[in-house]
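Me: Let's go through this model by question and answer. Start with confidence, then take the strands, a helix and a pocket.

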Amino acid sequence: MLVDNSKKTCILNFYLSIMNKVLFLLFFLLIGNIVLAQNETYYTCIMHPEIHESKPGQCPKCGMDLYKKTVTGTNSDTIPSTKTNNDSIETYYTCIMHPEIHESKPGKCPKCGMDLYKKTVTIHQPGSDTMPNKQDFNMNENPESNNGFAQNNIPPLPSKTVRYDLYIKDTMVNFTGKAKHAIAVNGQIPMPTLTFQEGDTAEILVHNEMDVETALHWHGLFVPNKEDGVPYLTQMPIKPHSTYLYKFPIIQNGTYWYHSHSGLQEQIGLYGAFILEKRSNDPTFRKGIDDLPAIPLVLSEWTDMKPEEVDRSLHNQTDWFAIKKGATQSFSEAIATGHLKTKFTNEWKRMNAMDVSDVAYDKFLINGKNEWMLPQFKAGEKARLRIANAGASSYFWLTYAGGKITVVANDGNDVVPVDVDRLMIAVSETYDVVVTIPENRSYEFLVTPEDRTHTASLWLGSGMKMPSKRLPHLKYFAGMKMMNDMMKMNGDLDPASMGGMKMSNQTMDMNAVMYPEITGEEKKRSSKTGMPGMNMENEDIITLNYDMLRATHKSVLPAAPFKELNFTLTGNMNRYVWTMDHKTLSETDKILIKKGENLRIILYNNSMMRHPMHLHGHDFRVLNGQGDYAPLKNVLDIMPMERDTIEFAANASGDWFFHCHILYHMMSGMGRVFSYTNKDTTADPVFANPQKAKRKLFSDDRMFHLMAMIGIESSGSDGEAMLANTRWELNEVWHLGYHDMHGYESETMFGRYFGKMQWWYAYAGFDYHYKMEGGTKNWFGSEEKNWFGQTSDKLNRHTVIAGIKYTLPTLTVADFRVDGHGKFRLQLSREDIPVTPRLRFGWMINTDKEYMLGLRYIITKYISLSTHYDSDMAFGAGITFTY
């Protein structure tokens with residue numbers, strides 16, 4: 001019996017073991033089926049992630065091989081869904097020009113032929129979510145106004161959460177015949193146009209597939225501070241190969257744009273349109289304007305040069321860009337045009353050549369193309385162009401072959417329609433304009449950079465092409481003459497030169513004298529303003545200025561205390577340092593403001609360049625004589641010698657950037673930070689290491705730039721290498737002969753620039769000079785003593801030095817120093833005197849009886865033919881390399 005019971009127990013245990021394994025297998029299969037049921041496998045394109053194919057193959061958009069992707073769950077990006085039980089999700093393909101198109105598959109728009117893009121919308125039923133509104137972000141007690149925002153009191157409609165996925169990736173482009181590096185988003189440049197409706201919630205997932213960090217700023221949008229997209233100020237940057245979610249309510253409407261605020265990424269592709277449509281029941285809806293076919297136009301420029309090299313070249317005082325643009329204003333050109341006195345006066349006042357832009361670009365683009373065709377428009381039809389200037393540093397003239405341009409909005413805000421013949425759109429501004437197609441022909445909407453080097457075109461309609469009239473070349477010497485009259489010897493602009501005329505709100509552009517289409521023949525024109533060459537009453541051309549802009553509703557600020565701030569825009573074109581009140585961003589503290597007060601800011605431009613000043617997170621009123629209906633803007637284009645007043649209600653929280661939107665000016669330090677003292681700490685960004693973030697924010701204008709000029713000639717080598725930022729400079733100068741009688745000299749200096757114009761440079765360093773007698777005979781006789789009567793030590797000198805340099809009139813540099821042996825030296829020198837557009841002359845003489853005369857002919861940006869004669873090495877000729 002014991003044996004039998006033992007056998008039964010063994011058999012029972014065996015069956016129990018089998019059943020456990022079967023149950024475990026069934027449980028495993030059940031879990032696997034659940035997981036597999038939530039998995040989705042498809043083939044997609046790395047450049048076009050909206051492509052979902054069931055089989056491998058090629059991308060229908062770009063031809064690249066598709067790759068296999070498996071997605072688990074309903075949200076492939078593991079971002080929490082905001083969907084509730086009462087909500088519904090709709091995904092479809094639509095057209096940026098015809099949003100009524102809803103297709104289930106990618107393809108072409110049946111109305112205009114443009115590529116459809118994927119859009120995911122979550123519909124929230126009334127009551128399931130509270131519709132955000134402007135008042136949530138801009139609370140005040142004035143029933144007439146809300147910081148200039150119309151109180152639409154729009155009845156609640158089903159609100160939507162609209163999601164976009166942006167995949168940022170390095171790419172190659174070819175705009176000029178050469179393949180160059182750029183940055184694309186979802187495989188395109190510009191970035192995809194993002195379209196929302198007022199009342200929506202935006203969910204924008206940024207997938208950074210680059211090896212460097214990035215961040216996106218929503219230009220002109222009212223967003224929570226932590227969503228504003230300024231790295232190290234409102235957020236930490238998006239790390240490489242990571243995903244970041246921007247989420248904010250849409251509480252406004254109009255034409256805006258978005259771009260990278262990281263380094264120089266904006267220059268090479270990270271910019272795109274951001275369109276906010278009015279709701280269908282908006283009481284401000286304007287028939288004949290808001291219901292027109294709307295075309296987003298993103299204007300930009302392209303250079304084959306890396307943006308880092310552009311920035312370095314600007315700081316290193318090269319005039320290669322002027323050579324490329326034909327804007328050198330050399331002495332030979334001055335003589336040929338009868339402006340020799342103008343040229344001498346210009347250099348006497350220590351000014352470089354006149355220019356209206358910094359960079360010589362290779363191509364200008366509209367929506368990523370130099371020419372863009374929209375043939376679907378017929379005679380009598382109108383189109384609304386939503387224009388954003390996404391250029392890094394280019395202003396654009398806008399003209400139209402089909403007649404007048406009607407301006408209906410600026411910087412996202414409606415204005416009373418005004419008809420003009422042309423307008424200039426500043427860097428980062430947006431304008432909405434309406435144009436009419438007069439006949440069944442193709443009319444050119446022409447985009448011309450202010451320096452008038454190239455153009456870009458949009459053609460509206462089909463049939464015979466009707467080109468817009470090209471703008472003539474600028475009259476640079478006429479502009480230089482006017483600039484000379486305006487400039488004092490200390491570098492300040494002189495308001496007295498305007499005869500007491502108040503310069504404000506673009507009522508007169510100081511550069512207008514350079515425009516032949518306005519001024520005509522220089523010597524045949526006179527001015528009622530006392531400025532030779534000006535003819536501001538030319539009625540043939542109506543040019544938009546800010547005084548013409550009038551808001552469609554009252555924009556008065558709420559009743560609150562006013563705080564007034566004054567800023568002077570300053571800079572040094574010679575060293576490419578751009579400042580406010582002669583200080584860079586890193587040299588100042590934050591400007592403290594309080595929520596609930598009104599800010600009035602008076603800006604005066606004391607530089608010779610235009611500056612588009614942009615305020616993040618707020619609209620401001622531009623006081624332009626329109627009273628209660630002053631226009632609302634977020635960018636103010638302020639011209640040289642112009643004084644403007646803006647004001648806004650402090651109604652947000654956190655830190656907000658205020659800066660010049662010319663990318664290279666901002667990187668050089670022209671900016672400030674407005675900081676709310678009564679912050680909402682729950683909504684503001686939090687940094688683990690605030691001091692490190694601050695150092696990173698300041699690093700742009702503290703950046704050092706390398707320059708070198710190395711001459712290799714038959715008699716020896718002369719050269720200079722320099723590492724400099726906005727204030728400090730490390731400099732190495734050498735003169736090396738081929739034998740002892742020619743001598744060997746090296747001077748190392750480290751110092752700082754002083755003064756508002758940075759004409760002073762104090763330094764300390766080391767000087768080594770060795771030479772044997774018997775070399776070239778000195779023009780001034782014996783070198784035994786210098787001109788101070790001291791015994792010269794130039795034959796064998798190795799000592800510390802200290803001195804100071806000062807830029808004299810005519811841009812001559814005076815250098816006075818003393819060495820460790822008590823020897824004094826005064827040196828005068830001038831480099832790069834422009835004899836012709838490419839030929840440069842230089843000279844030097846000092847009290848050690850050393851002298852030099854030289855010529856350099858520029859062949860390319862980096863190579864010149866050179867020759868010179870000096871007191872140590874006599875005559876030499878060869879090649880000079882410039883970096």
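Me: What pLDDT does the protein chain average?
Reply: This is a predicted model, where local features need pLDDT of at least 70, side-chain atom pairs count only at pLDDT 80 or more, and totals for chains, interfaces and linings use all residues. Residues are numbered from 1 along each chain as its sequence is written, and side-chain values use heavy atoms, with hydrogens and water left out. pLDDT is the predictor's confidence in each residue, from 0 to 100. A score of at least 70 is reached by 83% of the residues, and the chain average is 86.

Me: How many contacts beyond four places in sequence does the model have for residues 125–153?
Reply: Contact means heavy atoms within 4.5 Å. Over residues 523–537 pLDDT stays under 50, with 24 such contacts beyond four places in sequence. Over residues 125–153 pLDDT also stays under 50, and the number there is 78.

Me: Why is strand β28 largely enclosed by the rest of the structure?
Reply: Strands (E, at least two residues) and helices (H or I, at least four) are DSSP runs, numbered from the N terminus. Buried means under 20% relative accessible area, exposed over 50%, partly exposed in between (1.4 Å probe, protein chains only). β28 spans residues 598–605, and it is largely enclosed because the buried ones number seven of the eight.

Me: Which strand runs antiparallel to β28?
Reply: Two strands pair if DSSP finds at least two bridges between them. β25 (residues 562–572) pairs with β28 in the parallel sense, over eight bridges. Seven bridges join β28 to its antiparallel neighbour, residues 643–649, which is β33.

Me: Which helices are included in what covers the buried residues of α7?
Reply: Helix α7 (residues 476–486) has nine of its 11 residues buried. Among them are Tyr476, Phe477 and Met480. The cover includes α5 (331–336) and α6 (340–348).

Me: Which element gives the most to the lining of the second largest pocket?
Reply: On a 1 Å grid over the protein atoms alone, a pocket is an open set of points where a 1.4 Å probe fits, with protein on both sides within 12 Å along at least five of seven lines; lining residues have an atom within 4 Å of a point. This pocket is lined by 37 residues, with Ser262 and Glu308 among those nearest its centre. The elements giving two or more residues include β6 (180–185) and α3 (307–315). With five residues, the top contributor is α10.
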